[in-house]
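Reader: I am new to this structure. Please show me how to read its features.

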Amino acid sequence: MATTAIYPGTFDPITLGHADIVSRAAPLFDRLIVAVAGSTSKKTVFSADERVALAAEILAEYDNVSVKRFDGLMVDFARQEQAKVVLRGLRAVTDFEYEFQLAGMNRKLMPECDTVFLPTSEKYTYISSSLVREIATLGGDISDFVHPRIKQVLDERLVRAKK
Ligand code: ADP
């Protein structure tokens, strides 16, 4: 049976760290769905539909990768997609405690689905969407952290926000 994995997150915006996880996970599964959280307690710069569109644009080269929005519980979305795997990226030990707790909670809610962690590639360990947003807001250069298209739209968005 084909194995579907979902890679859930906020992706506000998608970074080179996220894209690296996708490029390494895509060959491991038959189908990989990047699941963009629509309902999140985080205040986002981009709307859910914008985050989906941007991730889809950046990840268009992968035939078995799709990007979808989900609202509500991730486990409900995973069930709907018949996913067997929840994929998460791990940067540093600081990610571990939260990710471990989340994996335990998801296993309780959905025993048929397991979490797989991929360690980030060394050169992306320090990249997070929140730092990228902060640096861009303060006028810094984010071109080493995101795809040029993301840099363009984020810069545009922040300029507009300042006006
Ligand atoms: P969330 O709000 O769920 O943490 P994020 O968009 O911040 O959503 O992250 C989604 C997933 O991608 C998480 O598993 C996170 O650990 C992982 N991730 C984020 N940045 C990187 C990176 N630079 N390298 C590898 N994984 C990352």
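Reader: What is the relative accessible area of Arg 79?

Author: Arg 79 has a relative accessible area of 39%, which makes it partly exposed. Here is the scale: buried means under 20%, exposed over 50%, and partly exposed in between (1.4 Å probe, protein chains only). The model is predicted, so local features need pLDDT of at least 70 and side-chain atom pairs count only at pLDDT 80 or more, while totals for chains, interfaces and linings use all residues. Residues are numbered from 1 along each chain as its sequence is written, and side-chain values use heavy atoms, leaving out hydrogens and water.

Reader: Which side chain does Arg 79 meet in a salt bridge?

Author: First the rule: a side-chain nitrogen of Lys or Arg must be within 4 Å of a carboxyl oxygen of Asp or Glu. Arg 79 meets Asp 76, at 3.9 Å from N to O. Asp 76 is partly exposed too, because its relative accessibility is 43%. Helices (H or I, at least four residues) and strands (E, at least two) are DSSP runs, numbered from the N terminus.

Reader: How many salt bridges does this rule count?

Author: The count comes to 14 salt bridges. One of them joins Asp 20 and Arg 24, at 3.0 Å from N to O. This pair sits in helix α1, 4 residues apart, which means a separation of about one helical turn.

Reader: Is Asp 20 buried or exposed?

Author: Asp 20 is buried, because its relative accessible area is 12%.

Reader: Which pair ties together parts that are 50 residues apart in sequence?

Author: Look at Glu 81 and Arg 31, whose side chains form a salt bridge of 3.3 Å, N to O. Glu 81 is in the loop between α3 and β4, while Arg 31 is in strand β2 (residues 31-37), so the pair bridges that gap of 50 residues. Glu 81 is buried, at 10% relative accessible area. Arg 31 is partly exposed, at 30%. Lys 68 joins them: Arg 31, Lys 68 and Glu 81 are linked in a network of salt bridges.

Reader: What volume has the largest pocket?

Author: A pocket is an open set of points on a 1 Å grid over the protein atoms alone, where a 1.4 Å probe fits, with protein on both sides within 12 Å along at least five of seven lines; lining residues have an atom within 4 Å of a point. Points join across faces, edges and corners, and the volume is the space filled by probe spheres set on them. The largest pocket here has about 1,100 Å³. It is lined by 44 residues, and Pro 8, Gly 9, Thr 10, Lys 42 and Arg 88 are the closest to its centre.

Reader: Which element gives the most to the lining of the largest pocket?

Author: That is α4, with 9 residues. At least two lining residues each come from β1 (4-9), α1 (16-25), α3, β4 (85-90), α4 (93-109) and α5 (129-137).

Reader: How many residues of the lining are charged?

Author: The lining has 8 charged residues, beside 18 nonpolar and 18 polar ones. Nonpolar covers Ala, Val, Leu, Ile, Met, Phe, Trp, Tyr, Cys and Pro; charged covers Asp, Glu, Lys and Arg; the others, Gly among them, are polar.

Reader: Where is Leu 87 found?

Author: Leu 87 is in strand β4. It counts as buried, because its relative accessibility is 0%. Between Leu 87 and Glu 112 there are 14 Å in space, C-alpha to C-alpha, and they are 25 residues apart in sequence.
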